[in-house]
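Below are my notes on the model, as numbered points. Please read them beside the coordinates.

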Amino acid sequence: MIIKRAYHHGDLRRALVLAARELLVERGPEGVSLRAAVAKVGASTAAPYRHFRDKDALLVAVALEGHAEVQDRLRACGAGTVTALGRSYLGFALDNPALYRLMAGAGIGDRAAYPELAEAHRVTCALLADRVGERNDPGGFAVTLWCLLHGLATLVIDGHVERDAAVAEAERSLGLLVH
């Protein structure tokens with residue numbers, strides 16, 4: 001298993017984050033625990049506490065990784081169209097539904113205890129704003145764009161709208177927003 005190989009190379013923190021991501025997909029945030037992550041990587045039960053004080057800290061590390069990934073996707077859009085930006089954001093959410101839910105707040109107890117998570121969220125939102133030229137208008141178009149994309153992603157993840165229909169709706173709605 002890849003996770004065990006990563007741990008045996010000496011990166012227990014990374015191995016635990018990967019194990020937590022697997023658990024998140026398999027069981028949801030309630031199924032993630034330090035004990036379960038340790039069992040996946042084959043380390044001692046005391047080992048994770050050198051890296052994470054509790055389950056929330058582990059889930060925050062996973063959410064931060066998710067923010068980094070979506071931020072990379074948004075940066076890759078460069079000065080592309082709003083439609084390309086929306087497709088990229090929506091694609092991330094639909095490709096990683098459990099991770100997206102976690103990033104949006106599901107499963108982490110006291111989010112206020114993790115200012116790095118609030119900062120990662122702020123950077124993600126700022127990238128959306130920057131890419132659509134709304135850096136100085138945080139209540140404007142970028143927030144509307146984010147609401148549209150988040151709503152569509154949530155509807156698909158919850159099973160209310162089919163993925164292809166959501167992508168088509170995003171492209172149609174983004175076209176209307178731009179014009």
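1. Helices α2 and α6 pack with their axes 8 Å apart and at an angle of about 100°. Axes here are lines fitted to C-alpha atoms, for helices over the stretch in contact, and angles run from 0 to 180 degrees between N-to-C directions. The two helices are therefore roughly perpendicular to each other; angles of 65 to 115 degrees count as such, while those under 35 are roughly parallel, those over 145 roughly antiparallel and the rest oblique. On the α2 side the residues are Arg21, Leu24 and Val25, which meet Ala98, Leu99 and Leu102 in α6. This contact has 5 nonpolar residues, no polar ones and 1 charged. Contact means heavy atoms within 4.5 Å. Ala, Val, Leu, Ile, Met, Phe, Trp, Tyr, Cys and Pro count as nonpolar, Asp, Glu, Lys and Arg as charged, and the others, Gly among them, as polar.

2. A word on the source. This is a predicted model, in which local features need pLDDT of at least 70 and side-chain atom pairs count only at pLDDT 80 or more, whereas totals for chains, interfaces and linings use all residues. Residues are numbered from 1 along each chain as its sequence is written, and side-chain values use heavy atoms, with hydrogens and water left out.

3. The chain has 9 helices and 0 strands. Helices (H or I, at least four residues) and strands (E, at least two) are DSSP runs, numbered from the N terminus. Of the 179 residues in the chain, 44% are buried, meaning under 20% relative accessible area, with exposed over 50% and partly exposed in between (1.4 Å probe, protein chains only). Among contacts with a separation of 6 or more, 65% are between residues 24 or more positions apart.

4. Helix α2 covers residues 12-27, 16 residues in total, and reaches 22 Å from its first C-alpha to its last, close to the 22 Å expected at 1.5 Å a residue. The expected span is 1.5 Å times one less than the number of residues. Its buried residues are Leu12, Ala15, Leu16, Val17, Ala19, Ala20, Arg21, Leu23 and Leu24. Just after α2, glycine 28 has a positive phi of about 80°.

5. α2 also packs on helix α4 (residues 55-76), at an angle of about 85° and with the axes 9 Å apart. These helices are therefore roughly perpendicular as well. From α2 the contact uses Arg13, Arg14, Leu16, Val17, Ala20, Arg21 and Leu24; from α4 it uses Leu58, Ala61, Val62, Glu65 and Glu69. The residues divide into 7 nonpolar, no polar and 5 charged.

6. α4 and α6 pack at about 105°, their axes 9 Å apart. That makes α4 roughly perpendicular to α6. Leu59, Val62, Ala63, Gly66, His67, Glu69 and Val70 of α4 meet Leu99, Leu102 and Met103 of α6. Here the count is 7 nonpolar, 2 polar and 1 charged.

7. How many aromatic pairs does a search of the whole structure find? The search finds 1. Tyrosine 89 and tyrosine 100 form this edge-to-face pair, with 6.0 Å centre to centre and 85° between the planes. Tyrosine 89 is in helix α5 (residues 82-95) and tyrosine 100 is in helix α6 (residues 97-104), 11 residues apart. Rings of Phe, Tyr and Trp (its six-membered ring) pair if their centres lie within 6.5 Å; planes under 30 degrees apart count as stacked, over 60 as edge-to-face and the rest as tilted. Tyrosine 89 is buried, with a relative accessible area of 4%, and tyrosine 100 is buried, also with 4%.

8. Serine 88, in helix α5, counts as buried at 13% relative accessibility. Not counting residues up to four places away in sequence, serine 88 touches Arg73, Leu74 and Cys77.

9. Valine 38 lies in helix α3 (residues 34-41) and is buried, with a relative accessible area of 4%. Leaving out residues up to four places away in sequence, valine 38 touches Leu16, Ala43, Ser44, Thr45 and Pro48. The C-alpha atoms of valine 38 and proline 48, 10 residues apart along the chain, are separated by 7.0 Å.

10. Threonine 144, in helix α8 (residues 141-157), is partly exposed, with a relative accessible area of 39%. Its C-alpha is separated by 8.7 Å from that of leucine 177, 33 residues apart along the chain.
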